[in-house]
Amino acid sequence: MQNRYDRAANEIKSLTEQMKDCKCNERTNETESNQDKRLLINAPTDTPGSQKIAFYAHLSKNIDHLGIHQPIVFDKIRLNLGNSYKSVDGEFVSSVDGTYFFIWTISNSDRTYMQSELVVNGQVFGQIISDANNHSDWAVSTAFAIVSLQPEDRVWIRTGTVQSGHVNGIGYGTSSFAGFRL
C-alpha cells in the first residue's frame with residue numbers, strides 16, 4: 001500500500017513540475033482583451049447611422065366592453081426607442097424598412113375570454129385566444145410574429161370575433177405589446 005502511495009506522490013510531483021514549465025496557461029494581452037467577446041458570423045452590426053427601434057407598452061387598467069375588431073390601446077409605455085409606438089391609438093408605425101419582431105400577451109380573469117389579433121396594414125398576421133370562460137381562473141396567452149415592414153406600415157393588436165369584451169391590465173397578469181427591429 002505504501003508503495004502505491006509513494007508512486008502516486010512521485011507522479012503528482014512530476015506533473016506539478018511539468019505544469020510549471022508549460023506555457024499553455026499563460027495569456028497574452030490580446031487573448032485577455034478578446035476572451036469575453038463572442039464572434040457572431042453573418043450577424044448584422046449597428047452602423048453609426050442605423051436607427052434603433054424598440055418599444056414595450058402594457059395596459060395600466062382592466063378594460064371592459066370591447067367590441068369586435070376594436071384596437072387594444074396599450075397605454076403605459078415603458079420603452080419607446082425611435083418613438084414608433086403611439087399610445088393614443090395603440091399603433092406601431094414603422095419609420096424605416098426592415099424585419100421586425102412583435103410579441104403580445106393577453107390576460108383574462110374569471111369567466112372572461114379574448115381572441116386577439118396582430119394586424120399589419122389592416123390584414124390579420126397572427127392571433128391567439130386567452131380563455132378563462134367556463135371557470136374561475138386566470139388565462140394568459142402570448143404569441144409573436146416576425147414581419148417585414150416598409151416606412152409608414154402600421155401594426156396593432158385588436159380584439160377578434162370570439163371574446164367577452166374584457167381584457168386584464170392589472171392583477172395576476174397584465175396584457176402587453178412589444179416589438180423591435182432585428
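An open sheet of 5 strands runs in the order β3-β4-β9-β6-β7, with antiparallel pairing. Its edge strands are β3 (85-86) and β7 (123-131), each of which pairs on one side only. Strands here are DSSP runs of E with at least two residues, numbered from the N terminus, and two strands pair if DSSP finds at least two bridges between them. Strands of a sheet pair through backbone hydrogen bonds, either parallel or antiparallel.

This is a predicted model, in which local features need pLDDT of at least 70 and side-chain atom pairs count only at pLDDT 80 or more, while totals for chains, interfaces and linings use all residues. Residues are numbered from 1 along each chain as its sequence is written, and side-chain values use heavy atoms, leaving out hydrogens and water.

Strand β6 (residues 113-120) pairs with β7 in the antiparallel sense over 8 bridges, and M114 has S130 in β7 as its bridge partner.

Now for another pair. Strand β5 (residues 98-108) and β8 run antiparallel, joined by 11 bridges, and I106 stands opposite S141 in β8. Which way do the side chains of β8 (residues 139-149) point? Buried means under 20% relative accessible area, exposed over 50%, and partly exposed in between (1.4 Å probe, protein chains only).

F144 in β8 is exposed, with a relative accessible area of 55%. F102 in β5 is buried, at 0%. Leaving aside neighbours within four places in sequence, F102 is in contact (heavy atoms within 4.5 Å) with residues including F55, L118, F144 and F177.

Finally, how many salt bridges does a search of the whole structure find? There are 3, a salt bridge being a side-chain nitrogen of Lys or Arg within 4 Å of a carboxyl oxygen of Asp or Glu.

| Salt bridge | Closest N and O atoms |
|---|---|
| K61 and D75 | 3.8 Å |
| R154 and E91 | 3.5 Å |
| E117 and R158 | 2.6 Å |

E117 lies in strand β6 and R158 in strand β9, so this pair ties together parts that are 41 residues apart in sequence. Both E117 and R158 are buried. By contrast, K61 is partly exposed at 47% relative accessibility, and D75 is partly exposed at 30%.

Methods
Helix = DSSP H or I, 4+ residues; strand = E, 2+ residues; numbered from the N terminus.
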